[in-house]
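Welcome, and thanks for taking a look at this one with me. Below are a few numbered points to read alongside the structure.

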Amino acid sequence: MRHREQWSGLAGLGLLAAGLLTCQSGGVAPECPVGVLVEGICWPLDCTGRDCPDGFFCLEDECVEEACLELTCPPEQACAGGGCFPRDCAWRTCPGVAEVCVDDECAPASCVAVDCPEGQACAAGRCYPEECDTRACPGYGEVCIDEECLDRSCVGVRCPADQVCAGGHCYPSDCGALGCFGAREACVEGACAVLPCAGVACAGGRVCGNGFCYDPDCPAEDCAALAEACVEGRCLPAACAGVACPADQRCARGECFPDSCGATACADDEVCYQAACLDWNCVGVACPAGETCLDGTCGPIRCGSDAECDDGNPCTADTCRPDQGCAYTPQDQPCNDGDGCTMGDRCQAGSCAGEPLDTDGDGYVAAGCGGGDCDDARPAVHPGAPEGGLGDPSCSNGLDDDCDGSTDLAEASCGECAADADCADGDACNGVETCVGALCQGGQPPVCDDGNPCTQDGCDPATGCTHTNNSAACADEGNACTSDVCSGGVCRHSYIGDHQGCGGISSLRCCGGGCVDIRYDTNHCGGCYAACAAGQGCEDVAATTTCSPHPSGLTGRCQCASNLQCPDGQICRMGQPSVNNRCAPENAADCPDRAFVDVVSCPNYCSY
């Protein structure tokens, strides 16, 4: 149990360096049996969701080091152990909570005065093994606790159930629709990042791999694929730096996978993922229909013939455009949805769907398919058909005309009656029976059609008409970027999402709620929200003809007069008369949500 009473002259607890001018040791104070007493306020030793190391206490939900309360450091430095240290190292930043740079290595402030034996590292002021018995810890500054590798700044940190710790901070475990892969990734500033690299910036154009910094390319090889770096002279996924896999496995996305799928050996840059050999940068990447992953990004399936584009869907016309990739055009034609309880199957919005089975066309679904029609081959037999009264042919035809389970004279309405109650058959679907002249007369079946295509209309003998919400396709509003499907009893036109294809050519994309041609749209030039400057146009990349290879109608690029007029951090290409004044990305970072295309003798461009 710790207790301290100290520091007179505190002027504002949020500005400790300015407010704490003197330091006086104090004795045990009964008003603060567990904690630190400051100016009459008892502060706890630990914060909510975070245990503070020895020598620290919790002030305004942050762990504060007692030895640093009176020390003011220059802006580029921070206090640790009573001294000032650089906030960042020369080769990389130190973004962890209370981290400083000591001897050109990032270290928690609680560890600057701790000297651990060989094979151990400090975290939260204590020494822990650098490796686990069953695994190596590949991340920079990781320690092993309970046979799990943990960022040393995360020791003692408790994050909410849907968050993970990196550098002492809690981050979401995924980026909304974009699910981050495995337990070693988190959503940092809207993008999935390997935990040891969260917030880390490497100097000199190097890239972060598990917290270490590596060259983006090798001397004899350009690491062109997404998220690759030069690790020990070879281009590898940066997330795999330092990861040791068994002999029959290799690393992708920071985890180990088999290097073969059964008897099929995968290529050197592939792993076996979901029973197929896959580029290691495509592990965990989910692409829209009609696209495939290449080097970690989704793009059109490249093809040489229509057969290579076959998606197995009878409701799309699969065609190959060698310069653009596979195209899938929805068809309006008969099909077979494979469901014996539907009929009139037809392609709608790229999917095969039919109507509930009603073979005899009497408006009632067959009993074997969830409906009430006990004889779907006779249109006169259905839950709404009359049966009776006495002497009516329906009382001697040998049929259960109204599908209530009673035939001919076994039907109450087929006998003599004294009152309406004698005729009631308990079936609300064939109307209210009445007694007229000692004979039961059938009632008028209710009209259950509510005129709403988003409900399945039926009739329950016990209660009458039913209207069950369905999920059928409904009236197309004419927007190729919406899915027109019934939900909750109404026709909803749900936006399918930005970047999705919306036509027969790959340059037609859904952006901002509508279908645009990114070759010419100045608000979405070359991609969603890549807006051209006022007065500048958006041109098809095919307009520049001196490229190698020559682009052909895939996307667009903005025209420009300066870098300030280019979207997404792109530069305004100058210096070549035939291709001047065009915006061009320098690398993949300038093409968010798209692929970076590097061409010779023309401005680079972004493409889906």
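**Notes on cavities, core and disulfides**

1. Let's begin inside. By class, the lining of the largest cavity holds 8 nonpolar, 4 polar and 4 charged residues. Here Ala, Val, Leu, Ile, Met, Phe, Trp, Tyr, Cys and Pro count as nonpolar, Asp, Glu, Lys and Arg as charged, and the others, Gly among them, as polar. The volume of this largest cavity is about 130 Å³. Of its 16 lining residues, Arg92, Glu99, Asp151, Gly167 and Pro196 are the closest to the centre.

2. Some background on how to read these values. This is a predicted model, in which local features need pLDDT of at least 70 and side-chain atom pairs count only at pLDDT 80 or more, while totals for chains, interfaces and linings use all residues. Residues are numbered from 1 along each chain as its sequence is written, and side-chain values use heavy atoms, with hydrogens and water left out.

3. How many cavities of 30 Å³ or more does a search of the whole structure find? The search finds 3. A cavity is a set of points, on a 1 Å grid over the protein atoms alone, where a 1.4 Å probe fits but cannot get out; lining residues have an atom within 4 Å of a point. Grid points are joined across faces, edges and corners, and a volume is the space filled by probe spheres set on the points.

4. The second largest cavity has a volume of about 60 Å³. Its lining includes Cys525, Arg557, Pro567, Tyr605 and Cys606, and divides into 7 nonpolar, 3 polar and 2 charged residues. Strands β43 (556-558) and β47 (605-607) each supply at least two of the lining residues, and the largest share, 3 residues, comes from β43. Strands (E, at least two residues) are DSSP runs, numbered from the N terminus.

5. Next, the largest nonpolar core. Of its 13 residues, Ala252, Phe257 and Val283 touch the most other members. Strands β20 (228-231) and β26 (270-273) each supply at least two residues of this core. Such a core is a set of buried Ala, Val, Leu, Ile, Met, Phe, Trp, Tyr and Cys residues joined through side-chain atoms within 4.5 Å. Leaving aside residues up to four places away in sequence, valine 283 touches Phe181, Ala252, Arg253, Phe257, Val271, Tyr273 and Leu278, where contact means heavy atoms within 4.5 Å.

6. On to the sulfur links: a search of the whole structure finds 39 disulfides, each a pair of cysteine sulfur atoms within 2.5 Å. In one of them, cysteine 94 and cysteine 106 have their sulfur atoms 2.0 Å apart. The torsion about this S-S bond is about -75 degrees, so the disulfide is left-handed. Cysteine 94 is buried at 6% relative accessibility, and cysteine 106 is buried at 1%. Buried means under 20% relative accessible area, exposed over 50%, and partly exposed in between (1.4 Å probe, protein chains only).

7. Another disulfide joins cysteine 454 to cysteine 486. Cysteine 454 lies in the loop between β35 (439-441) and β36 (455-460) and cysteine 486 in strand β38 (residues 482-487), so the pair ties together parts 32 residues apart in sequence. Both cysteines are buried.

8. Finally, is alanine 113 buried or exposed? With a relative accessible area of 74%, alanine 113 is exposed. Its place is in the loop between β9 (105-108) and β10 (120-123).

Note on methods
Helix = DSSP H or I, 4+ residues; strand = E, 2+ residues; numbered from the N terminus. 1 Å grid on protein atoms, 1.4 Å probe; cavity = no way out; pocket = protein on both sides within 12 Å on 5 of 7 lines; lining within 4 Å.
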